[in-house]
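Subject: The structure I promised

Hi,

Here is the structure we talked about, with the sequence alongside.

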Amino acid sequence: MQDSQTSPISSAVRPFNVVPPPRQSLLAARRAGVRPPQDVRQTCVLMFVTAVAYVVLGYQTWTMLEAGAPSPVVTDLWILLVVSGLTAFGMAVLALPVRRAGHVLWRSAQFGALVALGAAVSALHMSARLADTQMLLFGLFVSFFAIIVNIALWSTNVRRWCEL
């Protein structure tokens, strides 16, 4: 029989210390077994509700396009439709990493919340150009949730939870 020898374990220093070890993914729970604070859980719920609000804004934009919007604003309405859809997707996708305390993805969620605020302002601007009350109400609705999510991501326990 042959004697089996295990290969030596390399203890070489990794060249990039910022890169997590391969066994740890970006979505892995950073604090296993620790329940996140209530502020973090509420922020995640707000992000999902904001995603739904942006879906409703996209639906309203789509109905305006189908009803026959004036030709000078058709391109702007299409842009608003695409941005509201992407914002809704981004809010839903980035809610889970915030709950799991991922620092890089939390910063991405903050950036996404700023983009969401810009999309809400764009919806308000579009309602002013069209003089459409219904679009104004949807723009105010989305702005309300975008402002709340920005406040929650930038100034509550979420900061302490996600900063490692």
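Below is what I found, starting with the whole chain and then going through a few places in it.

One thing to keep in mind is that this is a predicted model.

**The whole chain**

Of its 164 residues, 34% are buried. Its accessible surface is about 10,300 Å², and carbon and sulfur atoms hold 66% of that. If you take the contacts with a separation of 6 or more, 77% of them join residues 24 or more positions apart.

Helix α1 covers residues 38-67. With 30 residues at 1.5 Å a residue, α1 should span 44 Å, and its end C-alpha atoms are 43 Å apart, so the two agree. Helix α3 runs over residues 103-130, and its 28 residues should span 40 Å; the end C-alpha atoms are 41 Å apart, which agrees as well.

A131 is a residue other than glycine with a positive value. You will find A131 in the loop between α3 and α4, and it counts as exposed because its relative accessibility is 68%, where exposed means over 50%.

**The core**

Which residues have the most contacts inside the largest nonpolar core? They are M47, Y54, L77 and L153, in a core of 37 residues. Helices α1, α2 (74-99), α3, α4 and α5 (157-162) each supply at least two residues of this core, and α3 gives the most, with ten. As background, nonpolar side chains in soluble globular proteins tend to be buried together.

Leaving aside neighbours within four places in sequence, L77 is in contact with T61, M64, L65, A69, M126, L130 and M135.

**Around α4**

Not counting residues up to four places away in sequence, N150 touches Q110, A113, L114 and L117.

L140 belongs to a nonpolar patch on the surface together with L136 and L137, and the patch has about 270 Å² of accessible area.

**One more pair**

Last, take a look at R41, which is found in α1. R41 counts as partly exposed, since its relative accessibility is 22%. R41 and L96 are 55 residues apart in sequence, while their C-alpha atoms are 9.7 Å apart in space.

That is everything from my side for now.

Cheers

Note on methods: Residues numbered from 1 in each chain as written. Predicted model: local features only at pLDDT ≥ 70, side-chain atom pairs only at ≥ 80, totals over all residues. Heavy atoms only, no water. Helix = DSSP H or I, 4+ residues; strand = E, 2+ residues; numbered from the N terminus. Expected span 1.5 Å × (residues − 1). Patch = residues over 30% accessible without salt bridge, like charges linked within 9 Å, V, L, I, M, F, W, Y side chains within 5 Å. Areas by Shrake-Rupley, 256 points an atom, 1.4 Å probe, with all protein chains shown as cover. Salt bridge = Lys/Arg side-chain N within 4 Å of Asp/Glu carboxyl O. Buried < 20%, exposed > 50% of the residue type's maximum accessible area, 1.4 Å probe, protein only. Core = buried A, V, L, I, M, F, W, Y, C linked by side-chain atoms within 4.5 Å. Contact = heavy atoms within 4.5 Å.
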